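User: I would like to learn how to read a protein model feature by feature, with the cut-offs stated as we go. Could you take me through one?

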Amino acid sequence: MNADDLSATKTVKKVYIVTQGCQMNEYDSEKMGDVLGQSHGMVVTKDINEADVLLMNTCSIREKAQEKVFSELGRWRKLKEKNPDLIIGVGGCVASQEGDNIQKRAPYVDMVFGPQTLHRLPELYENSQKAKSVFDDKTKTKNRIGVVDVSFPSIEKFDFLPEPKVEGYKAFVSIMEGCSKYCSFCVVPYTRGEELSRPLDDVLAEIASLAEQGVREINLLGQNVNGYRGEKDDGSICRFSELLHYVSHIDGIERIRYTTSHPLEFTDDIIEAYKTLPKLVSHLHLPVQSGSNAILAAMKRNHTIDVYINQINKLKAIRPDLHLSSDFIIGFPGESDADFADTLNLAKELDFDHSYSFIYSKRPGTPASDLPDDVSLDTKKARLAEFQEVIKKSTFAKTEAMVGQTVRVLVEEKADRYEGHLHGSADNTRSVVFAGGEELLGKFVLVKITAAKSMHLVLGELVSVLD
């Protein structure tokens with residue numbers, strides 16, 4: 001048997017990855033699969049029962065995030081009891097917050113790693129296999145001593161990630177990590193660290209590589225993405241608006257998005273970019289969190305509603321077709337009926353396309369966690385329902401208004417529920433289904449919208465191919 005035959009007989013290990021939360025976590029989860037694929041030949045599986053490694057990429061944004069993590073780990077424990085060789089790892093923001101407390105509560109967890117140390121997964125995996133087991137007198141079982149790395153090694157992780165590989169025509173590219181805004185409710189500065197931007201050339205090289213693989217749409221990621229300040233070769237600093245110009249000149253990339261922005265960094269030079277960069281879509285996600293100046297001050301957002309509205313009006317003057325989305329926290333400590341009315345009025349005035357809205361819940365270690373949580377749960381739920389109904393009506397109206405319009409669509413895949421049809425996405429994020437052949441996959445086309453099927457799905461007819 002030659003070396004190739006011997007290699008072919010080796011069992012390929014499989015990794016199962018659960019992702020909680022934001023697009024940044026989706027990006028990180030892809031990279032987890034990539035680094036273990038490069039180092040150990042692992043492949044990602046969607047079947048948890050066939051996995052050799054289970055990874056949970058956690059998020060601290062939602063309520064009771066820690067408890068949801070331990071609840072899931074409780075289910076994973078049963079799998080490990082059946083297969084003692086199974087490796088379990090917990091990464092992401094909850095891992096960064098909890099550190100070795102995770103293994104104290106769930107000693108069957110082998111690896112704990114933070115958002116900034118996912119590139120060290122191969123080393124953590126090797127160490128977890130070598131780790132000794134100790135006998136627990138209380139449970140009368142052996143528990144493996146796990147490995148923990150929740151450090152903040154600057155921007156190091158990007159220097160050790162494999163070359164980007166994608167399936168499909170869209171890709172996320174992380175351009176910075178962390179946040180230095182320290183909003184009173186937010187855990188990001190404590191779980192991902194201070195803002196650190198990747199060097200300009202590294203970002204552009206990754207995007208160029210993705211373009212060569214057929215990617216047509218890039219979504220630039222960062223906790224405070226428009227605060228990007230990447231170093232150039234000559235030591236000068238590239239601002240976010242300048243980066244947008246560089247990306248727009250990369251062959252193959254025809255659509256540019258970015259998330260998540262902060263109003264403090266949404267400067268006039270970024271707004272001006274919308275004048276000259278047609279590849280920059282007429283869709284903006286700009287979190288505001290509340291429509292009340294009093295609540296914004298308590299949140300330490302460091303801007304007023306007038307500033308936010310002025311920014312949006314400037315952009316709408318350039319892009320009248322702008323679709324705007326945002327984040328809202330309902331029921332923040334001290335939120336009165338008048339404060340909530342301000343938030344509701346803001347939603348109506350700016351006519352948001354959609355939003356991510358949640359009731360407030362304390363995040364351990366944040367300044368807001370020391371404030372009295374004086375808005376009752378029933379009041380929070382009622383306000384959230386009323387707020388979401390306003391947004392829902394706006395979303396429906398905008399989707400229905402698309403009927404009769406001709407829109408640009410990136411064709412992404414065959415439509416599962418519509419035989420002989422294709423599925424793609426419009427600039428305003430709506431899913432578009434229309435009749436067409438597979439030769440259109442990966443191309444931009446014009447589609448005339450004929451019907452709105454739901455808040456985010458429309459049907460249409462092919463007008464022409466743009467590529």
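Analyst: What follows is a dialogue that goes from the whole protein to its sheets, its cores and its annotated sites. This is a predicted model, in which local features need pLDDT of at least 70 and side-chain atom pairs count only at pLDDT 80 or more, while totals for chains, interfaces and linings use all residues. Residues are numbered from 1 along each chain as its sequence is written, and side-chain values use heavy atoms, with hydrogens and water left out.

User: How many helices and strands are there in the protein, and how does its radius of gyration relate to the globule rule?

Analyst: Helices (H or I, at least four residues) and strands (E, at least two) are DSSP runs, numbered from the N terminus, and the protein has 14 helices and 23 strands. The radius of gyration is taken over C-alpha atoms, and the globule rule is 2.2 Å times the number of residues to the power 0.38. Here the radius is 24 Å, close to the 23 Å that the rule gives for 467 residues, so the protein is as compact as a globular protein of that length. Along its principal axes the C-alpha trace spans about 65 × 60 × 50 Å.

User: What share of the residues counts as buried, and what share of the contacts joins residues 24 or more positions apart?

Analyst: Buried means under 20% relative accessible area, exposed over 50%, and partly exposed in between, with a 1.4 Å probe and protein chains only; of the 467 residues, 52% count as buried. Contact means heavy atoms within 4.5 Å, and among contacts with a separation of 6 or more, 71% are between residues 24 or more positions apart.

User: How should I read a sheet, and in which order do the strands of the open sheet with three strands stand?

Analyst: Two strands pair if DSSP finds at least two bridges between them. The order in this open sheet is β9-β12-β15, with parallel pairing. Strands β9 (170–174) and β15 (255–259) are at the edges, and each has a single partner strand, so one side of each lacks a neighbour in the sheet. Axes are lines fitted to C-alpha atoms, for helices over the stretch in contact, and angles run from 0 to 180 degrees between N-to-C directions; from one strand to the next, the twist averages 25°. Strand β12 (residues 217–221) is joined to β15 by five bridges, and Asn219 stands opposite Arg257 in β15.

User: Which helices pack on this sheet?

Analyst: Helix α8 (residues 200–212) touches β9 and β12, and its direction makes about 165° with that of β9. Helix α9 (residues 240–248) touches β12 and β15, making about 150° with the direction of β15.

User: Which residues have the most contacts inside the largest nonpolar core?

Analyst: A nonpolar core is a set of buried Ala, Val, Leu, Ile, Met, Phe, Trp, Tyr and Cys residues joined through side-chain atoms within 4.5 Å. The largest one has 66 residues, and those with the most contacts inside it are Ile175, Leu220, Phe240, Leu243, Tyr258 and Leu284. Helix α8 supplies the largest share of this core, six residues. A second, separate core has 20 residues, including Leu54, Trp76, Leu79 and Ala95. Beyond four places in sequence, the residues that Tyr258 touches include Asn219, Leu220, Phe240 and Leu284.

User: How should I read a record annotation, and where does UniProt place the feature "binding site"?

Analyst: UniProt positions are given in the numbering used here, feature names are shortened, and annotations may be inferred rather than shown by experiment. From an unreviewed entry, UniProt lists Cys22, Cys59 and Cys93 as "binding site". These residues span 72 residues in sequence, yet no two of their C-alpha atoms are more than 10.9 Å apart, so they gather at one spot. Cys22, in the loop between β1 (14–19) and α2 (23–40), is partly exposed because its relative accessible area is 35%. Cys59, in the loop between β3 (53–58) and α3 (65–82), is buried because its value is 9%.

UniProt also places a "binding site", again from an unreviewed entry, at Cys179, Cys183 and Cys186. Cys179 is in the loop between β10 (176–177) and α7 (188–191), and its 10% relative accessibility is why it counts as buried. Cys186 is in the loop between β10 and α7, and counts as buried at 16%.
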